[in-house]
Amino acid sequence: MLTIKQITENTEAVLRGLEKKHFKNAKETIDQVIALNDKRRSTQNELDKNLAEVNSLSRTIGQLMKEGKKEEAETARARVAELKEGNKELDAAMTQAATDMQNVLYTIPNIPYDSVPEGVGAEDNVVEKMGGMETELPKDALPHWELAKKYDLIDFDLGVKITGAGFPVYKGKGAQLQRALINFFLDEARKSGYTEIMPPTVVNAASGYGTGQLPDKEGQMYHCEVDDLYLIPTAEVPVTNIYRDVILEEKQLPIMNCAYTQCFRREAGSYGKDVRGLNRLHEFSKVDLVRIDKP
């Protein structure tokens, strides 16, 4: 999430980045954030002044009473009561402005690097680097969902029977291969210095906000409404949230974690040829790497 400091100090750069991402009403949204921040700050300043006056008058009242200046002391008490009543309204206004600003900030995406090209689809992507060998399939090559059925590795129909579409059942060598791949990638990550984590596969709303799944991606997550918990779409969510609200010293970096979890995504609105077989599953296995380091 963009910080208010980033927005106020680099407003034009933020606007250019948002426009590159085709974020609707970018200028209006940023203006709204700045206006709410100004309101929050001005209200905070007024509240601080009032609190300072209350403290000063409170110290004065005792001295006035000692000196027998009862009328002046009562005037001071009345002023203190007036200020305290006004402070309640100021505090409520400041809290509301801060809440409104935070809610708007949640809707603003991060901005891309300057080198990222502008585009509207996959055809606008620029290939920066390629490695390894490019596989050339024969003309009679079968798609993976047909190979899985031919060799009885994955049963998509059985998954539909048990749960629904997007929940495949891995069988025999298919299940063994899945488990072997998970272990292989975890082992390779550990060899590279990553510490393995086994996190929960459900998180609270604070964790969802911490990694940006909430509020705008809420419709893509499975929600356990009774307990207000969410099934994770990736292990990055619980692993990254290990460090939520934690201030790390530079000497602690890099922090390198790897994790395997089952992942759950509703993939609402997905359909067509791009979702056949293992594409766009609602439940799948994934090994994630999370590295916190200097830029």
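**Close-up views of the predicted chain**

Lys-171 is partly exposed, with a relative accessible area of 26%. By the cut-offs used here, buried means under 20% relative accessible area, exposed means over 50%, and partly exposed lies in between (1.4 Å probe, protein chains only). The model is predicted: local features need pLDDT of at least 70, side-chain atom pairs count only at pLDDT 80 or more, and totals for chains, interfaces and linings use all residues. Residues are numbered from 1 along each chain as its sequence is written, and side-chain values use heavy atoms, with hydrogens and water left out.

**View 1. Lys-171 forms a salt bridge with Asp-152.** Their closest N and O atoms are 3.0 Å apart. A salt bridge is a side-chain nitrogen of Lys or Arg within 4 Å of a carboxyl oxygen of Asp or Glu. The pair links distant parts of the chain, 19 residues apart. Lys-171 sits in the loop between strand S2 (169-170) and helix H7 (172-191). Asp-152 sits in the loop between helix H5 (144-150) and strand S1 (154-155). Helices (H or I, at least four residues) and strands (E, at least two) are DSSP runs, numbered from the N terminus. Asp-152 counts as partly exposed because its relative accessibility is 43%. Its phi is near 55°, a positive value in a residue other than glycine. Most residues other than glycine have a negative phi.

**View 2. Helix H7 holds both Asp-187 and Arg-190.** These residues are three apart, about one turn of the helix. They form a salt bridge, with the closest N and O atoms 2.0 Å apart. Side chains of opposite charge can pair when their charged atoms come close. Asp-187 is partly exposed at 32% relative accessibility. Arg-190 is also partly exposed, at 37%.

**View 3. A nonpolar surface patch includes Phe-184.** Leu-177, Leu-181, Phe-184 and Phe-185 make up the patch. Together they have about 390 Å² of accessible area. Accessible areas come from the Shrake-Rupley method with a 1.4 Å probe; for residues, only the protein chains shown count as cover. Patches are made of residues with over 30% relative accessible area and no salt bridge; like charges are joined within 9 Å, and nonpolar side chains (Val, Leu, Ile, Met, Phe, Trp, Tyr) within 5 Å. Phe-184 lies in helix H7. With 44% relative accessible area, Phe-184 is partly exposed.

**View 4. Glu-218, Glu-225, Asp-227 and Asp-228 form a negative surface patch.** Lys and Arg count as positive, Asp and Glu as negative; His and the chain ends are not counted. A charge is placed at NZ of Lys, CZ of Arg, CG of Asp or CD of Glu. Asp-227 is in the loop between strand S5 (223-224) and strand S6 (229-231). Asp-227 counts as exposed because its relative accessibility is 56%. Asp-228 lies in the loop between S5 and S6. Asp-228 is partly exposed, at 37%. Phi of Asp-228 is near 55°, a positive value in a residue other than glycine.

**View 5. Lys-294 forms a salt bridge with Glu-250.** Their closest N and O atoms are 3.7 Å apart. The pair links distant parts of the chain, 44 residues apart. Lys-294 is in the segment after strand S8 (283-292). Glu-250 is in the loop between helix H9 (236-241) and strand S7 (255-264). Glu-250 counts as exposed, at 54% relative accessibility.

View 6. Most peptide bonds are trans. Pro-215 is in the loop between helix H8 (205-210) and S5. Pro-254 is in the loop between H9 and S7.

**View 7. Helix H3 (residues 26-66) contains Asn-55.** Asn-55 is partly exposed, with a relative accessible area of 45%. Asn-55 and Lys-5 are 50 residues apart in sequence and 31 Å apart in space, C-alpha to C-alpha. Ala-26 also lies in helix H3. At 5% relative accessibility, Ala-26 counts as buried.
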